[in-house]
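Me: I have a structure open in my viewer and would like to talk through its side chains. Could you go through it with me, step by step?

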Amino acid sequence: MKHETHTDPASSEAAQRACFLLHVRPDRMDEYVDAHKAVWDTMLQALTDSGWSNYSLFLDRSQGLVVGYFESSDVAAAMRRMSQHPVDALWQREMARYFDGPAGGTPTVLTEYFHLD
């Protein structure tokens, strides 16, 4: 998976951008959104400690499509560290009921092919 880089004005190190897709069950959409209004402090800290920054989630309710975006100095390493963090397994277990499809809550990572700085 290829990730483009840009220089963050607040930092001298280059940041990589990552984008991913998830599909939420239509009957669980409101619950899914509500769950993200109260993300556990331990989960937020784990994301930060794992190297995730500028993390956002976007939702297209008409399709149940979640688009996630985050930046890191090393996206692959940040994703690996997060997947190995104990709180991630707990969070993923909680979130599993909200997702559609055979992959459940496994994100589809997108390839960046254009960026305007």
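**Surface patch and aromatic pairs**

Reply: Happy to! Y113, F114 and L116 make a nonpolar surface patch of about 500 Å². Please keep in mind that this is a predicted model.

Me: Which side chain does E112 join in a polar contact of 2.6 Å?

Reply: Good one to look at in your viewer. E112 is buried, at 18% relative accessible area. Its side chain has a polar contact of 2.6 Å, and the partner is the side chain of R17.

Me: Let's turn to the rings. How is the aromatic pair of Y32 and Y98 arranged?

Reply: The structure holds seven aromatic pairs. In the pair of Y32 and Y98, the ring centres are 5.9 Å apart and the planes are at 70°. Planes over 60 degrees apart count in one class, and the pair of Y32 and Y98 is thus edge-to-face.

Me: How many residues apart in sequence are the parts that this pair ties together?

Reply: Y32 lies in helix α1, residues 29-35, while Y98 lies in the loop between α4 (86-95) and β5. Y32 is buried at 5% relative accessibility, and Y98 is buried with a relative accessible area of 4%. The pair ties together parts whose separation in sequence is 66 residues.

Me: Y55 and F70 pair too. Which of the two is buried, and which is partly exposed?

Reply: Y55 and F70 form an edge-to-face pair, 6.3 Å centre to centre with 80° between the planes. The pair links distant parts of the chain, with Y55 in strand β3 (residues 53-60) and F70 in strand β4 (residues 65-72), 15 residues apart. At a relative accessible area of 33%, the partly exposed one is Y55. At 0%, the buried one is F70.

Conventions: Residues numbered from 1 in each chain as written. Heavy atoms only, no water. Patch = residues over 30% accessible without salt bridge, like charges linked within 9 Å, V, L, I, M, F, W, Y side chains within 5 Å. Areas by Shrake-Rupley, 256 points an atom, 1.4 Å probe, with all protein chains shown as cover. Salt bridge = Lys/Arg side-chain N within 4 Å of Asp/Glu carboxyl O. Buried < 20%, exposed > 50% of the residue type's maximum accessible area, 1.4 Å probe, protein only. Polar contact = N/O pair within 3.5 Å; in protein donor to acceptor, adjacent residues only side chain to side chain. Phe/Tyr/Trp six-rings, centres within 6.5 Å; stacked < 30°, edge-to-face > 60°. Helix = DSSP H or I, 4+ residues; strand = E, 2+ residues; numbered from the N terminus.
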